[in-house]
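Trainee: I have a structure open and I'd like to learn how to read it. Could you walk me through a few features?

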Amino acid sequence: MLKKLLPLALVCLSLSACSTLSSPSSSGAAPSATTVAPYREQVELTGRLNVVYQKDDKPESATVNFNWQQTAQRTDVTLYTPVGSTLATIAVTPQEAVLTQSGKAPRSAPDVDTLSAQLLGWSLPVSGLRDWLQGYAVGADGKRFIASPANDSVTTKDGWRLRYVSWQEIGQNAADNTPGALPQPRRIDAERNASAQADAVSLRIVLDPAPSAQAQ
């Protein structure tokens, strides 16, 4: 009888071990790459932006570096030339947008897109970028879009076509008590066709590596 029970016991032990090894809680498996990093109201980012736009019916282009700081109620953007000189600063609150160019008096308007188009020659969609830089947007259908490596493009409600070309990974907050890393946008391409309200603009945004990504 003992001889018959022994093989059965070994099989049970083997199955138990397999079950333990495949358990997500014990394997330490990283979260799915389709899960984008959670949205943050307060964030600071740096990177490079290349813009192609129309001026006097001719294509023009510019490349700037930027520093982006946002809180729930305010966005501050500083644009730098490739050699590090400050080109312009933009401060946006729910009440107004203020754009200051080097050596010139500040200019304000309710709409930062129109203000930047007037003073810089190209539109910087700050309100949209608050979402886009973190992989979020409002789609043409009015629904919340969450980007991921497996879901990397959308047309926004205001007519921008976004594509998340590449990603970087950031470690999860230690307070989450979960291992692994989450994807965060690295390069974003955005295009808007000309319309009665706005000129055609094409943006290529490359974000600098997140601190946790640099440390890996």
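Mentor: Let's start with a sorting rule: Ala, Val, Leu, Ile, Met, Phe, Trp, Tyr, Cys and Pro count as nonpolar, Asp, Glu, Lys and Arg as charged, and the others, Gly among them, as polar. Here, the lining of the second largest pocket divides into 6 nonpolar, 5 polar and 4 charged residues. Keep in mind that this is a predicted model, where local features need pLDDT of at least 70 and side-chain atom pairs count only at pLDDT 80 or more, while totals for chains, interfaces and linings use all residues. Residues are numbered from 1 along each chain as its sequence is written, and side-chain values use heavy atoms, with hydrogens and water left out.

Trainee: Is Ser123 buried or exposed?

Mentor: Buried means under 20% relative accessible area, exposed over 50%, and partly exposed in between (1.4 Å probe, protein chains only). Ser123 has 5% relative accessibility, so it counts as buried. You'll find Ser123 in the loop between H3 and H4. Contact means heavy atoms within 4.5 Å, and, setting aside residues up to four places away in sequence, Ser123 touches Asp113, Ser116, Ala117, Arg192 and Val201.

Trainee: What about Thr63, and where is it found?

Mentor: Thr63 is in strand S2 (residues 58–70), and it is partly exposed at 34% relative accessible area. Beyond its neighbours within four places in sequence, Thr63 is in contact with Arg48, Leu49, Asn50 and Pro82. A polar contact is a pair of N or O atoms within 3.5 Å; within protein, one must be able to donate a hydrogen and the other to accept it, and residues adjacent in sequence count only if both atoms are side-chain atoms. The side chains of Thr63 and Asn50 make one at 2.8 Å.

Trainee: How many salt bridges does the structure hold?

Mentor: Side chains of opposite charge can pair when their charged atoms come close. A salt bridge is a side-chain nitrogen of Lys or Arg within 4 Å of a carboxyl oxygen of Asp or Glu. The structure holds 6. One of them joins the side chains of Arg130 and Glu41 (3.5 Å, N to O). That pair links distant parts of the chain, 89 residues apart: Arg130 sits in helix H4 (residues 126–132), and Glu41 in the loop between helix H2 (24–27) and S1. Arg130 is buried at 16%, whereas Glu41 is partly exposed at 44%.

Conventions
Helices (H or I, at least four residues) and strands (E, at least two) are DSSP runs, numbered from the N terminus.
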